[in-house]
Amino acid sequence: QVQLVESGGGLVQPGGSLRLSCAASGFTFHLYAMSWVRQAPGKGLEWVASISNGAYRTTYSDSVKGRFTISRDNAKKTLYLQMNSLQSEDAAVYYCAKLEGATISNRVSDRGQGTQVIVSS
């Protein structure tokens, strides 16, 4: 079955950086687009970024554009999210998500357990 295991979260000061990773298994990783979504305390799920199966196309929410970078290594079956210039509003549980197909227009089909990011001085 699909397994998505996130790592790399933690406590960071405002303005700092973190790199999240998501190890994928149970499906043919290079055939599917992937996304990162997040959920802040007391709020709903928020889409953060998506990447197509071959990494030819990426897209970002306005709230993270220019600060976050989504990438993938299909050989390692791993998805990444480089987060720079972190702000208090970025504090959330971050989830790795598999989409239903190869392109970023697909819906989410599976989601991992999440990794928590805390932004505080």
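View A. F29 has a relative accessibility of 2% and so counts as buried (buried means under 20% relative accessible area, exposed over 50%, partly exposed in between, with a 1.4 Å probe and protein chains only). The model is predicted: local features need pLDDT of at least 70 and side-chain atom pairs count only at pLDDT 80 or more, while totals for chains, interfaces and linings use all residues. Residues are numbered from 1 along each chain as its sequence is written, and side-chain values use heavy atoms, with hydrogens and water left out. A search of the whole structure gives 2 aromatic pairs (rings of Phe, Tyr and Trp, the last by its six-membered ring, pair if their centres lie within 6.5 Å; planes under 30 degrees apart count as stacked, over 60 as edge-to-face and the rest as tilted). F27 and F29 make a tilted pair, 6.1 Å centre to centre with 55 degrees between the planes. The rings of F27 and Y32 have centres 5.7 Å apart and planes at 75 degrees, so this pair is edge-to-face. F27 is buried at 12% relative accessible area, whereas Y32 is partly exposed at 23%. F27, F29 and Y32 belong to one aromatic cluster.

**View B. Charged side chains over rings.** K98 lies over the face of Y32, 3.9 Å from the ring centre (a charge sits over a ring if NZ of Lys or CZ of Arg is within 6 Å of the ring centre and within 35 degrees of the ring normal). R19 lies over the face of Y80, at 4.0 Å from the ring centre.

**View C. The disulfide of C22 and C96.** The structure holds 1 disulfide (a pair of cysteine sulfur atoms within 2.5 Å). C22 and C96 form this disulfide, with their sulfur atoms 2.1 Å apart. C22 lies in strand β3 (residues 18–25) and C96 in strand β9, so the pair ties together parts that are 74 residues apart in sequence (strands are DSSP runs of E, at least two residues, numbered from the N terminus). The torsion about the S-S bond of C22 and C96 is about -70 degrees, so the disulfide is left-handed. Both C22 and C96 are buried.

**View D. Strand β4 and its partners.** In strand β4 (residues 34–39), 5 of the 6 residues are buried, so β4 is largely enclosed by the rest of the structure. Strand β5 (residues 45–51) runs antiparallel to β4 and is joined to it by 6 bridges (two strands pair if DSSP finds at least two bridges between them). M34 stands opposite I51 in β5. β4 and β5 form a hairpin with 5 residues between them, and G42 in the turn has a positive phi of about 75 degrees. Strand β9 (residues 92–99) is also antiparallel to β4, with 6 bridges, and W36 stands opposite C96 in β9.

**View E. An open sheet of 4 strands.** The strand order is β1-β3-β8-β7, with antiparallel pairing. β1 (3–7) and β7 (68–73) stand at the edges with a single partner strand each, so one side of each has no neighbour in the sheet. β7 and strand β8 (residues 78–83) are joined by 6 bridges, and D73 stands opposite T78 in β8.

**View F. Two loop residues with positive phi.** A55, in the loop between β5 and β6 (58–60), has a phi near 65 degrees and is partly exposed at 36% relative accessible area. S85, in the loop between β8 and β9, is not a glycine, yet has a positive phi of about 50 degrees. S85 is partly exposed at 38% relative accessibility.
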